[in-house]
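Let's take a look at how a protein chain folds up, one piece at a time. Keep the picture open while you read.

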Amino acid sequence: AAWKLDLEGGTPAPMELAEPVSMVMPSPDGRWLAFGGTKHLLLADRSHPTLPPEIMTEGVTHHMTWSADSRRLAVQIDDEVLDINTQPASDRCPSGS
């Protein structure tokens, strides 16, 4: 089980996860939590605590590592390496392009 803990106080609450997880990797800035589930990679945005973790892709997670700026997550899923961009699409492209 995974638990949410408000660092400003309050009672810990269980996180609703779609499946059991074998690894957890917080981003360097603390905004994101990546979960290696038994069948999927899940990503939770701590700036939106009421939303459940989002399923990013299928497969068994073997390794995860964050970029220093927390904008990218490199993950080995099964026998593939994926580069997950955590920036919203609107932040990736200048407006009008």
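Which residues of S4 point one way from the strand, and which point the other way? Trp32, Ala34 and Gly36 point one way, while Leu33, Phe35 and Gly37 point the other way. Before going further, keep in mind that this is a predicted model.

## A strand on the inside

In a regular strand, side chains alternate between the two faces of the sheet. You can follow that pattern along S4, and the residues pointing either way from S4 are all buried. Six of the six residues of S4 are buried, so this strand is largely enclosed by the rest of the structure.

## The sheet around it

S4 belongs to an open sheet of four strands, in the order S3-S4-S5-S6, with antiparallel pairing.

## Walking from strand to strand

Start at S3, which is joined to S4 by five bridges. Here Met23 stands opposite Gly36 in S4. The two strands form a hairpin with five residues between them, and Gly30 in the turn has a positive phi of about 85°.

Next comes the step from S4 to S5, a hairpin through two residues. S4 and S5 pair over five bridges, and Trp32 has Asp45 in S5 as its bridge partner. Last, strand S5 (residues 40-45) pairs with S6 over four bridges, again in the antiparallel sense. There, His40 has Glu58 in S6 as its bridge partner.

In soluble globular proteins, nonpolar side chains tend to be buried together. In this model, the largest nonpolar core has ten residues, including Trp32, Ala34, Leu41, Leu43 and Trp66. S4 (32-37), S5, S7 (61-66) and S8 (72-77) each supply at least two residues of this core. S8 gives the most, with three residues.

Not counting residues up to four places away in sequence, Leu41 touches Phe35, Ile55, Met64, Leu73 and Ile84, among others.

Definitions and conventions: Residues numbered from 1 in each chain as written. Predicted model: local features only at pLDDT ≥ 70, side-chain atom pairs only at ≥ 80, totals over all residues. Heavy atoms only, no water. Pairing = 2+ DSSP bridges. Core = buried A, V, L, I, M, F, W, Y, C linked by side-chain atoms within 4.5 Å. Buried < 20%, exposed > 50% of the residue type's maximum accessible area, 1.4 Å probe, protein only. Contact = heavy atoms within 4.5 Å.
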